[in-house]
Amino acid sequence: MACAVLTGCTAQASKAAPDPDELIKAATQRLTDACLARQGLVPPRAGRGRPPGTDDRKVDAALFGTGPAELSLPLPTGHVVRAHTDGCLAAAQQRLYGDQPGWFRVSVIVNNLGPEAAHTHRDLTEVRARHRTEIARWERLRAHALAEATAVLKTPPPKGNPPA
């Protein structure tokens, strides 16, 4: 009996919750794949060759957007990060985060706290304290994305040919 109880506990413990980053990544891929398919384009995949006649520039433009980047954020290091608000990736981010421009801004800041600390010769704890508002917003938007990603992944992917 004790063995059965222990086995049950072990089985419960081994069923770890899915990694939130992986869930969001999978949902982003599903959304961008569907967006590209609706345009009659084949999504790029590492390790898989492109079908003959695939125009990489057309796929890249559909995925990442075109023209001058609409979003831009200068960093304390002097670098400027830019992104598009059009394209399949931007549409997926809008769906998941609910605010693609807001997500762009806070994710760039949060992802560059270490370089900012090094560049300004400040302790990372001090830099994090200076950006607590952005970190809190990042956490809220990420929680929203996780909920949306879960919903996206529970919905079966579309079947059949994309509309003409």
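Which residue forms a salt bridge with arginine 95, and how far apart are the closest N and O atoms? I looked this up and found that arginine 95 pairs with glutamate 148, with 3.3 Å between the closest N and O atoms; I count a salt bridge when a side-chain nitrogen of Lys or Arg lies within 4 Å of a carboxyl oxygen of Asp or Glu.

I note that this is a predicted model, in which local features need pLDDT of at least 70 and side-chain atom pairs count only at pLDDT 80 or more, while totals for chains, interfaces and linings use all residues. Residues are numbered from 1 along each chain as its sequence is written, and side-chain values use heavy atoms, with hydrogens and water left out.

**Entry on arginine 95 and glutamate 148.** I placed arginine 95 in helix α4 (residues 88-97) and glutamate 148 in helix α8, so the pair links distant parts of the chain, 53 residues apart. Helices here are DSSP runs of H or I with at least four residues, numbered from the N terminus. Arginine 95 counts as partly exposed at 41% relative accessibility, and glutamate 148 counts as partly exposed at 24%; buried means under 20% relative accessible area, exposed over 50%, and partly exposed in between, with a 1.4 Å probe and protein chains only.

**Entry on the other pairs.** I searched the whole structure and found six salt bridges. One of them joins the side chains of arginine 142 and aspartate 21, at 2.4 Å from N to O. Arginine 142 lies in helix α8 and aspartate 21 in helix α2 (residues 20-38), so this pair ties together parts that are 121 residues apart in sequence. I found arginine 142 buried at 18% relative accessibility, whereas aspartate 21 is partly exposed at 45%.

I also looked up arginine 105 and glutamate 134, whose side chains meet in a salt bridge at 3.6 Å, N to O. Arginine 105 is in helix α5 and glutamate 134 in helix α8, so the pair ties together parts that are 29 residues apart in sequence.

**Entry on α5 and α8.** I then checked how helix α5 (residues 100-111) and helix α8 (residues 132-154) pack, and found an angle of about 125 degrees with the axes 9 Å apart. Axes are lines fitted to C-alpha atoms, for helices over the stretch in contact, and angles run from 0 to 180 degrees between N-to-C directions. The two helices are therefore oblique to each other, since angles under 35 degrees count as roughly parallel, over 145 as roughly antiparallel, 65 to 115 as roughly perpendicular and the rest as oblique.
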